[in-house]
Amino acid sequence: MTEKEISEIRRRFRADRTNITRIRGCYVNEKREIISQFSQPIAQLSQEETEELLAILKKTLSGTPGRNLIDIEFETRQVMEGEEHRLLMTLRSSGLDDEEAVGEFYRRVISSLSMDGNYLILLCSEKYDVPSYAKDGEKDGESSEVFNYILCSVCPVRQTKPLLSYYVYENRFRNLTPDWIVAPPQLGFLFPAFDDRSANIYNALYYTRDCAEIHEEFTDTVFRVPAPMPAAEQKETFQSILAEAVCEDCSYDVVQSVHEQLSGLIEEHKANKVEEPLVVSGKAMARMLESGGVSEEHAAEFEEKFDDRFGEGTEISPRNLIDTRQFRLSTPDVTIKVNPDRSDLVETRIIDGVKYILIRAEDGVEVNGINIRIR
């Protein structure tokens, strides 16, 4: 799904736009025991409660595609005969009214998750009349298609601490009683995917709040597909491959060049408002290395290691490989943070046999907030 398609479904989670009529849920304790199950009609909630509940569900479609929002692809065999896919299709086609299917889904989720404390499994279903648009961006007549989907959110339930509060009408202080609150979702998914503004039953959109934790047991149990490598692990793997393959060629200038080229791709993709997600292959990265001064031999070794670690033909989002907001150098004793746009102010040099990191500094040098002069 593109960012534009994700945003279109996110906008459905407003009280004045949604066709969601009720929320189903299961409250589970840390021992994996079901405390309660419920089916809550939206109409029985106040306006404020409805907005808060929809806001929690909406967070399952938040974050960065490729990092927090990950495409799950089913094989044709799974779509034709896989029991995991069949269960998702039953939940969707029944509008969550099939009690046996809902119960089986709860059991699978509970068996696959190890979470600290209590949590909620929330389920909702909606039939969205997808409007068609003319070339000028105006709505073109009535809806051409109905997008029937389900959304699942798994939310921790946390207990608040006693807090001192002042009660005006009683003119006194007293502690607020500890209570249980629903936290933002840790993981969840949308099924089917909304590709080309239409239902794609061969895909789901999976959400994880922590880009370093993919919850492999959950994805294996619910989708029966190999869990994708978490974004944080992709970055670590990329850094490891670069250091191993480039070896003595891995200088400051090389790393700076790679960072600048990837940052440039991200900025260009954003400026051109390209809908398709931005990805790079091992081959493309190898060409970047060569343009940054790495030998053809080491660039080829990088490409080979990239395909070996990530999988041949795999393409990775550049946003998972670098942080465009910072450029950092570190030694065991010193850490230097540089504006990514001014990494040219830094250079490495050997003076009298000693290795140095040099930073060009003009006016505005401060130490502990105090302006100093360099003599």
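Figure 1. His-269 is buried, at a relative accessible area of 11%, where buried denotes under 20% relative accessible area, exposed over 50% and partly exposed in between (1.4 Å probe, protein chains only). The residue belongs to helix H8; helices (H or I, at least four residues) and strands (E, at least two) are DSSP runs, numbered from the N terminus. Residues up to four places away in sequence being set aside, His-269 touches Val-274, Glu-276, Pro-277, Leu-278 and Arg-319, a contact being defined by heavy atoms within 4.5 Å. The model shown in these views is predicted: local features need pLDDT of at least 70, side-chain atom pairs count only at pLDDT 80 or more, and totals for chains, interfaces and linings use all residues. Residues are numbered from 1 along each chain as its sequence is written, and side-chain values use heavy atoms, with hydrogens and water left out.

**Figure 2. The protein chain as a whole, for orientation.** The protein chain contains ten helices and 20 strands. Its C-alpha atoms fill a box of roughly 75 × 65 × 50 Å along the principal axes. Of the 375 residues in the protein chain, 39% are buried. Among contacts between residues at least 6 apart in sequence, 63% join residues at least 24 apart.

Figure 3. The space in the second largest pocket amounts to about 730 Å³. On a 1 Å grid over the protein atoms alone, a pocket is an open set of points where a 1.4 Å probe fits, with protein on both sides within 12 Å along at least five of seven lines; lining residues have an atom within 4 Å of a point. Grid points are joined across faces, edges and corners, and the volume is the space filled by probe spheres set on the points. The lining comprises 21 residues, of which Gln-239, Val-255, Phe-327, Arg-328 and Leu-329 lie nearest the centre of the pocket. Two or more lining residues come from each of helix H7 (231-246), helix H8 (252-271) and strand S15 (327-330). By class, the lining holds eleven nonpolar, seven polar and three charged residues. Here Ala, Val, Leu, Ile, Met, Phe, Trp, Tyr, Cys and Pro count as nonpolar, Asp, Glu, Lys and Arg as charged, and the others, Gly among them, as polar.

Figure 4. Strand S1 (residues 22-28) and strand S2 (residues 34-41) run antiparallel and are joined by seven bridges; two strands pair if DSSP finds at least two bridges between them. Arg-22 stands opposite Pro-41 in S2. Five residues separate the two strands of the hairpin, and Arg-32 in the turn has a positive phi of about 65°.

Figure 5. Arg-12 lies in the loop between helix H1 (3-10) and S1. With a relative accessibility of 10%, Arg-12 counts as buried. Apart from neighbours within four places in sequence, Arg-12 is in contact with Arg-17, Thr-18, Asn-19, Glu-126, Tyr-128 and Tyr-149.

Figure 6. No disulfide is found in a search of the whole structure, the count being zero; a disulfide is a pair of cysteine sulfur atoms within 2.5 Å. For Cys-124, the nearest cysteine sulfur belongs to Cys-152, 9.1 Å away. Cys-124 is buried, at 0% relative accessibility. For Cys-247, the nearest cysteine sulfur is that of Cys-250, at 8.7 Å. Cys-247 is partly exposed, with a relative accessible area of 39%.

Figure 7. The peptide bond joining Phe-191 and Pro-192 is cis, with omega about -5°. Pro-192 is placed in the loop between strand S9 (187-191) and strand S10 (193-195). Arg-197, in the loop between S10 and strand S11 (198-200), has a positive phi near 60°. Arg-197 is partly exposed, at 25% relative accessibility. Lys-273 also has a positive phi, near 55°, and lies in the loop between H8 and strand S13 (280-281). Lys-273 is exposed, with a relative accessible area of 71%.

**Figure 8. Ser-93 in helix H4.** Ser-93 lies in helix H4 (residues 83-93) and, at 59% relative accessibility, counts as exposed. Ser-93 and Glu-52 are 41 residues apart in sequence, and their C-alpha atoms are 27 Å apart in space.
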